[in-house]
Amino acid sequence: MSQFTPKQFKIPKLIGISPKNIEEHLKLYSGYVTNTNLVLEKIKEYKKDAEKHSYVLGELTRRFSFEYNGMRNHEIYFSTFEGGPSQMSDSSPLKKKIVETWGSFEIWLAEFKAIGLTRGIGWAVLWYDPKHNGLLNSWVDEQHLGQLNGCSMILAMDMWEHSYVADYQSSGKKKYVEDFFANMNWSVIEDYYKKSIL
């Protein structure tokens, strides 16, 4: 299996979120990529005598989902900022689907922001579920607990402290959520949605 490599992101100057915070956050993302590769290497090594190393293999396999999902979640997150902020047009297929699902874009947005303010560390996520051709919001604990099986991640808002505390302090979580949306390039999110419904 070929190794994963960190993606490069072209992130412009953001409202509220400092270049230094993005720089440090990208180092964490790079660490997830490195650890994903390392865990896979170790699994391959210990599988040579799987019976002898069954406990270690079990723990490494658990760890793999944490590292891998940390890598993929952050790729969605950082790509959200590329190209600078843009609004979503009323004719957007994604916006129409959001309105069809929640009744209005504003109702969906309020729900999503409220999920983002969940106590604890994790992610607020908008998913596309191909089995019922619908959208779902959810909270993912850490990187990997609560992922919705069979669904495609459309939007991921990082709510670990490292994503906002340096710029907003722990009391500024709500302002970070507002700025996240102010910085969002909706065309990126729409592309994720279009690819997921193919």
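Me: Which strands do the eight bridges join, and which way do they run?

Reply: Happy to start there! Strand 1 (residues 122–129) and strand 2 are joined by eight bridges and run antiparallel. In general, the strands of a sheet pair through backbone hydrogen bonds, either parallel or antiparallel. Here, two strands count as paired if DSSP finds at least two bridges between them. Strands (E, at least two residues) and helices (H or I, at least four) are DSSP runs, numbered from the N terminus. Within this pair, Trp127 is opposite Leu136 of strand 2.

Me: What should I know about the model itself?

Reply: The model is predicted: local features need pLDDT of at least 70, side-chain atom pairs count only at pLDDT 80 or more, and totals for chains, interfaces and linings use all residues. Residues are numbered from 1 along each chain as its sequence is written, and side-chain values use heavy atoms, leaving out hydrogens and water.

Me: What is the strand order in the open sheet?

Reply: The order is 2-1-3, with antiparallel pairing. Strand 2 (134–141) and strand 3 are at the edges with a single partner strand each, so one side of each has no neighbour in the sheet.

Me: Where does Met157 lie, and is Met157 buried or exposed?

Reply: Met157 is in strand 3 (residues 152–158). Its relative accessibility is 0%, so Met157 counts as buried; buried means under 20% relative accessible area, exposed over 50%, partly exposed in between (1.4 Å probe, protein chains only). Beyond neighbours within four places in sequence, its contacts (heavy atoms within 4.5 Å) include Tyr77, Trp123 and Phe180.
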